[in-house]
Amino acid sequence: MSTVPIFADESWRLPSRGRVGMFSLIVGESAIFSIFVVAYIYYIGRGTYGPTPQILEVPIFNTICLLSSSLTIVLAEHAIKHGKVRQFALLWGLTMALGIEFLVGTAIEWRKLIFVDHLTIRTNLFGTTYYSLVGLHATHVVVGMIGLSLVMLFTLMGRVNQSHAERIQVLALYWHFVDVVWVVVFTVVYIVGR
Amino acid sequence: MADQTLPIPGTLEEAHRPARMLEWLHSWVVTVDHKKLGILYIVYSIFFLLVAGAEAMAIRIQLAIPHNHFVSPELYNELFTMHGTTMVFLVGMPILFGFANYLVPLMIGARDMAFPRLNAFSFWLTAFGGLMLYFSFIGGFGSYGMGNAPDVGWFAYAPLTAKAFSPGHSTDYWALSLIVSGFGTLGTAINIIATALCMRCKGMTLMRMPLFVWLLTVVSAMTLVTITPLTAAQVMLLIDRYLGGHFFDAQAGGSPIVWLHFFWIFGHPEVYVLVLPAFAIANEIIPVFSRKAIFGYPAMVAASVGIGFVSLTVWAHHMFTVGMTAVSNSFFVLSTMLVGIPTGIKIFNWLATLWGGKIRFATPMLFAVGFLFQFLIAGLTGIMLSVAPWDWQLHNSYFVIAHFHYVLVGAIVFCIFAAIYFWYPKATGRMMSETLGKWHFWIFLIGFHITFDTMHFLGILGMPRSIFTYEPDRGWNTLNMIISLGGFVQAIGVLIFAWNLIYSYFKGKEAGNDPWDAWTLEWSTPSPPPAYNFAVDPVVRSRRPLWDIKHPQDPDWKYER
């Protein structure tokens, strides 16, 4: 009988399905981004006419905002884990504000590109790849914002407490992913590709 | 007794019948039970199997004699596009996910999938994706008065898909419906991974998981990185078509070759996404009917994971004729040949499982053995085609068609049939008729070989794929006629199978819990299993928990490490 493991309840531990599910989603999303990033890199300098990436301005403030939202969301996760709901709501709101700032910043950047530089998605190959890649990322920020807003709504209704810490961590994983992807997109579009 | 003196015709039950029908239907529409969803997936795919099979028959009638006018050239293009798209996306993927849905929780001793509602959502996405694809036949303003069914081939090569060359909405239907069903597939893949990793019963360590669960987990992990590139490429295609983008527009500096790469980055791993579940089915059936434990369990796991990784690096062997550099050609030749190693390991393991076993040739086993031989031949022609010069000669010929139909029909469809015969008693509580099953097997086997063996020769004689008709003096007439006849023999086999499914549901022998004397956990539940699967959470100590229960004096856990 020595080969038979005896299972007490506490010794049989399985990974959290929320985390596994979210990690799987992130792997799948990464593949989508990889395809768009590869297309962007491959098409750098191949456009036959129209504006080139030199017209881009590096969105440093935007980037700082989005990346610091990862920090605030970590602090928020920490707060809810210890049951500090007020602090959580504050930090969560701050995260959302930073996310909204990023979207507003992107909108301003695009407004300038469209009306001053006359670059749209159909203008030339650069326009197509640029708006697709940055737009794909912005779409993910919007989806993340929807998730964050739902949590905010529930928090304001007083429905969120310590027991939701793990679910909030799972959602935060997605937000971290959106941030990490921005690092890649930023490097490719504004540093390597310019 | 006053009520009995007024004989109002009909009973209470009859009066409620429409309501009960509605209730029954409602229970299937709103269900989140993994077993019901699994059955929905399987029924949905069998329906589309018959539809796409009918399309194949129309193609074969058209090609049976030269200069035939059974269908118009335009309809012919729609038929082969829809045949391919349907078989891959609406038959192959959903049926395998259907089996995964039904079996994975039962095999690991769980009560449901990790995310039951996501599961239902994924199924309905897939279902509506399929409906949208077929709505194209009647929807929109059709060209040639035939609706807008996709007619660009299942791989939809650029630049044919550009707005200039494909006006109307046929390509849009193709891209949109596959994006929709693709999200469904992604959801199910996430669900299967989470289920296998997080829902196992006590004692079910990873190295005790049934191989079926292992392989479906590998498949799901591959799906995560396989379906998504297709979705991305289709989004690019839609950007080109609707927003005036230039991804695949050579005049603006875009490149149609990039579409080829993106499509095959999806397209080749997809073959393994389809074939690994077939391996998974063989892994369960061959040991049970050989009365032996599977040979080389850890090697099987390692080989499956190996195939998963290697298959991600072979896509450009579909593109040897595009004109890549010698270095890329050599890389993809070698990586493609590399797949032969883990696959060979699997074949030898199955042979070793059969070796010295007490083999019972019930219908599931017949199909599994058929799979074994046919998959070997399919693999060998695959190795032939992986050699770039050979591929230059035979690319886009019927040899390639023969090769991949040997994989898709000879291996995958055979395993799907085996699985249906094997698990039908579990899902319905009744055995499928063995007599009809054997008729089905032999007729289908003979038809399969008449059709697809002959296709190899036709390919070597130079007949290209996707052509509407051919000249009578090319020497292809007899072979084409034989292939078409073989197709009809297969169709007869499939009709027998469809009849068997219906007949056995009403008239089949009662199955009991464990009709095959099998060893995995699903056979410990009643047939069909109750909604909660297991009344008591099972605890397992080995890879064959039911063997341990049936042979307490000689259990597996004494020997397994």
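Which helices of chain B do the buried residues of α10(B) pack against? Before selecting them, note that this is a predicted model, in which local features need pLDDT of at least 70, side-chain atom pairs count only at pLDDT 80 or more, and totals for chains, interfaces and linings use all residues. Residues are numbered from 1 along each chain as its sequence is written, while chains are lettered from A and ligands numbered from 1 in the order in which they are written.

**Stop 1: helix α10 of chain B**

Select residues 326-354 of chain B, where the buried residues pack against α8 (256-290), α9 (297-310), α11 (363-386) and α12 (388-394) of chain B. Helices here are DSSP runs of H or I of at least four residues, strands are runs of E of at least two, and both are numbered from the N terminus. Among the buried residues of α10(B) are B:Phe332, B:Val333, B:Lys346 and B:Trp350; a residue is buried if 20 or more other C-beta atoms, placed from the backbone, lie within 10 Å of its own. The 29 residues of this helix should span 42 Å at 1.5 Å a residue, and the end C-alpha atoms are 43 Å apart, which agrees; the expected span is 1.5 Å times one less than the number of residues. Just after α10(B), B:Gly356 takes a positive phi of about 75°.

**Stop 2: the nonpolar core**

Next select B:Cys415 and B:Ala418, which touch the most other members of the largest nonpolar core, a set of 215 residues. Such a core consists of buried Ala, Val, Leu, Ile, Met, Phe, Trp, Tyr and Cys residues joined through C-beta atoms within 7 Å. Helix α13 (residues 398-428) of chain B gives the most to this core, with 24 residues. Leaving aside neighbours within four places in sequence, B:Ala418 is in contact with residues including B:Ile281, B:Pro364 and B:Phe371, contact meaning that the C-beta atoms, placed from the backbone, lie within 7 Å.

**Stop 3: chain B as a whole**

Zoom out to chain B, which has 16 helices and zero strands. Its C-alpha trace spans about 80 × 70 × 45 Å along the principal axes, and 53% of its 561 residues count as buried.

**Stop 4: where the chains meet**

Finally, show both chains: the contact takes 33 residues from chain B and 30 residues from chain A. On the chain B side, the largest share, nine residues, comes from α7(B).

Terms used:
Buried ≥ 20, exposed ≤ 12 C-beta atoms within 10 Å, placed from the backbone. Contact = placed C-beta atoms within 7 Å.
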